[in-house]
Amino acid sequence: MVSVPVLCPYCQSTEVIKAGKQANGTQRYQCQNEQCARRIFLLQYQDRGRALEIRRQVIDMAINGSGIRDTAHVLRISPTTVIAVLKKSRRAATRQPHVAASSLCTRRPRPGRKRRRAR
Ligand SMILES: [Zn+2]
């Protein structure tokens, strides 16, 4: 008998436990790494838009200025899937501890520069 270790596709951690099954009977896994952005994953997705590689491409295309319909057509997934991936990617990014969302959007006034009134 050969046992193959299950790796988390997001953080490559081997600390993975089984987490029930999908409605269609596919085994679900849960990553035990606290810092991991993704907890539940499958080894083989039936749905093309759920695969990690496609999700990364969706985000890359959005950063490079592609529209939702454009992305959906090129990656052969539905426009609603593109929207769902983009919404969830934002949530996952704010969950990571090293990217504090509050530190990205604080505006501090520059010190030592005051405007003078012209007379
Ligand atoms: Zn993980």
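Is C11 buried, partly exposed or exposed, and what is its relative accessible area? In this predicted model, local features need pLDDT of at least 70, side-chain atom pairs count only at pLDDT 80 or more, and totals for chains, interfaces and linings use all residues. Residues are numbered from 1 along each chain as its sequence is written, and side-chain values use heavy atoms, with hydrogens and water left out.

**View 1. Two cysteines, C11 and C31, with their accessible areas.** C11 is partly exposed, with a relative accessible area of 27%, whereas C31 is buried, at 0%. Buried means under 20% relative accessible area, exposed means over 50%, and partly exposed lies in between (1.4 Å probe, protein chains only).

**View 2. The zinc ion and its donors.** The SG atoms of C8, C11, C31 and C36 coordinate the zinc ion at 2.2 to 2.3 Å, where donors are N, O and S atoms within 2.8 Å of the metal (3.2 Å for Na, K and Ca). The site is tetrahedral, with angles of 103 to 114° among the 4 donor atoms; four donors count as tetrahedral if all angles lie between 85 and 135 degrees. Because C11 lies in the segment before β1 and C31 in strand β2, the pair ties together parts that are 20 residues apart in sequence.

**View 3. The open sheet of 3 strands.** The strands, which are DSSP runs of E with at least two residues, follow the order β1-β2-β3 with antiparallel pairing; two strands pair if DSSP finds at least two bridges between them. β1 (16-21) and β3 (40-42) stand at the edges, each with a single partner strand, so one side of each has no neighbour in the sheet. Strand β2 (residues 27-31) pairs with β3 over 3 bridges, and R28 has L42 in β3 as its bridge partner.

Technical notes: Helices (H or I, at least four residues) and strands (E, at least two) are DSSP runs, numbered from the N terminus. Four donors count as tetrahedral if all angles lie between 85 and 135 degrees; four count as square planar and six as octahedral if opposite donors are over 155 degrees apart and all others between 65 and 115; anything else is irregular.
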